[in-house]
Amino acid sequence: MRNYKKGFLLFIVICMMGVLVACADEPGDANGTSGDEQEGAGGDLVIATISDAVTLDPAGSNDVPSRDIQFNIFERLINQNEQMELEPGLAVSWEAIDETTWEFQLRENVTFHDGSAFNAEVVKANIDRLLDPEVGSSSYSRFEMISEVEVVDDYTVRIITEYPFSPLPSNLAHGSAGIVSLEQIKEDYEAMEAGEDPGSVVNQHPIGTGYFKFDEWAPGQHVVLVNNEDYWGEEAAKLDSVTFKVVPEDLTRLAELETGDSHVTNPLSPSDIAQVEGNEELTVVRQDSLGIEFLGFNVEKAPFDDERVRRAIAMGIDKEQILEGIYDNIGTPAISPLSPNVFGYDDSISTTDYDPEGAKELLADAGFEDGLSATVWTNDSRERIDIVTNIQSQLAEIGVDLEIEVFEWGAYLAETSDGGHEMYVMSWNNGTADADNGLFPLFHSSNAGTGGNKMFTRYDELDETLEKARQTVVEEERLSLYTEAQEFLTEKTPMVYLVHPEYLLGVRKKVKGLSMTPGKTLLLKDVYIEE
């Protein structure tokens with residue numbers, strides 16, 4: 001597996017020394033061409049995806065189905081490549097002036113899909129919007145350390161943080177930092193004043209600077225993007241259009257892939273790899289991930305407010321059985337919320353081992369010597385339904401009678417944010433490769449509910465550790481604090497770590513140039529369909 005830690009740590013050192021980073025100063029490359037001049041240009045790509053987008057506003061939900069679409073409409077100040085290395089985006093360079101001040105030099109001659117200009121005022125408006133409590137961005141925690149955005153001139157902006165925060169450039173590369181047209185931001189605020197929900201205008205017709213433009217959204221059916229023929233960069237997208245087609249059933253997505261009704265199935269089930277590889281017209285795209293699949297508890301609901309019950313359930317689950325039986329060993333067992341390639345991961349932390357007899361004893365100690373009944377929620381993903389079915393069977397052996405409830409994706413996010421669940425299965429895709437993004441949104445009390453903390457953990461000790469870690473510049477101290485946080489989570493067990501899965505796509509071989517990041521974001525700019 002690739003190691004993303006070393007490059008990230010080097011980046012921190014360079015930045016905090018005040019050295020200029022990411023110094024490419026022109027879009028595209030020396031050999032870049034645009035539009036139909038590109039070899040293999042053209043084609044209408046159809047991606048069969050498991051779930052519809054929740055929102056097309058980057059300040060709204062940042063779930064994967066939404067982000068894959070947003071990512072191609074909106075661009076960010078900074079980009080991440082397939083190795084999670086930071087590269088110029090709408091900013092051509094950035095520099096840490098001191099521990100709390102970052103200066104960004106912006107690209108000139110960049111225009112939005114509505115023809116308006118990109119400049120420092122636009123950047124300020126976008127970041128201010130992410131921080132606005134009236135907007136209530138679900139990604140607020142990634143940017144809450146920003147205290148001021150200062151416009152130096154039309155193409156220079158300074159971001160001042162309340163405390164030193166080394167991962168800021170990586171957070172600005174996250175999909176939630178997509179830059180929206182200033183004109184649209186103004187319209188959205190006007191709609192809010194008239195009683196509309198935040199993001200209502202952006203969601204209806206999103207306007208960014210990206211190489212694809214929004215064309216149509218038929219909720220529950222598809223989202224269509226079309227080539228931005230007026231793209232500011234020298235190298236435009238090759239495809240004519242991309243359709244994200246909602247096909248919840250795995251086997252239907254696979255059938256569409258085989259018939260050619262779709263070019264990509266996202267995701268591909270590990271159990272379907274052999275069928276795809278056995279078809280000479282198809283191939284499998286595999287990507288090591290920075291994510292985790294987990295079982296979470298609502299720690300505010302009895303009996304899961306008792307850590308003995310939570311730990312007993314963790315001891316009653318054999319994650320190797322899940323990895324082998326459901327994922328065909330495509331992935332690694334998880335011992336932490338952080339995958340091995342995330343900065344802050346520590347393979348020496350304490351773990352909760354599979355011990356069904358010990359689990360029964362712990363349940364009895366908690367007053368459940370005769371067992372207990374509970375409900376576990378999941379969305380309509382075949383792997384997750386298989387996971388909860390497997391967990392249901394395993395926990396029956398320790399006296400836990402589990403009922404399963406299945407939700408459509410959008411409803412699932414809303415219901416778990418409201419806290420109606422007892423237990424739930426979900427994933428977290430760490431789009432920055434830093435422990436802050438793998439721990440703070442999931443476990444800090446300020447993010448309870450819509451912010452990502454659907455376990456509703458409210459531990460002062462953990463909050464203090466996570467806050468101190470994000471304010472610490474010295475690398476060794478940050479690592480030590482993240483080890484401390486992971487040890488605390490093992491003790492309290494608000495989450496059962498299951499699997500770090502590989503990300504899989506089924507793809508027709510005539511689709512060229514398709515890849516995804518370890519954060520599970522599809523990269524479509526260089527894709528074309530070979531006829």
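Q: What makes β6 and β7 count as a pair of strands?
A: Six bridges join β6 (residues 146-153) to β7, and the two run antiparallel. Two strands pair if DSSP finds at least two bridges between them, so six bridges qualify. The link from β6 to β7 is a hairpin through two residues. Strands themselves are DSSP runs of E, at least two residues long, and helices are runs of H or I, at least four, both numbered from the N terminus.

A word on the model: it is predicted, with local features needing pLDDT of at least 70 and side-chain atom pairs pLDDT 80 or more, while totals for chains, interfaces and linings use all residues. Residues are numbered from 1 along each chain as its sequence is written, and side-chain values use heavy atoms, leaving out hydrogens and water.

Q: How do you know that β5 pairs with β7 too?
A: Here there are five bridges between β5 (residues 101-106) and β7, in the antiparallel sense. Glu103, for instance, has Arg158 in β7 as its bridge partner.

Q: Why is β7 called largely enclosed?
A: Five of the six residues of β7 (residues 156-161) are buried, so the rest of the structure largely encloses this strand. Buried means under 20% relative accessible area, exposed means over 50%, and partly exposed lies in between, using a 1.4 Å probe and protein chains only.

Q: What makes one side of helix α8 its buried side?
A: In α8 (residues 250-259), the buried residues are Asp250, Arg253, Leu254, Glu256 and Leu257. They cover an arc of only 160° around the axis, so they sit on the same side of α8; the arc is that of the directions from the helix axis to the C-beta atoms. Leu251 and Thr259 are exposed, on the face turned away from that buried side. Just after α8 comes Gly260, with a positive phi of about 90°.

Q: Why are β14 and β16 called edge strands?
A: The open sheet of six strands goes β14-β18-β13-β17-β15-β16, with mixed pairing. β14 (331-333) and β16 (400-407) each have a single partner strand, so one side of each has no neighbour in the sheet.
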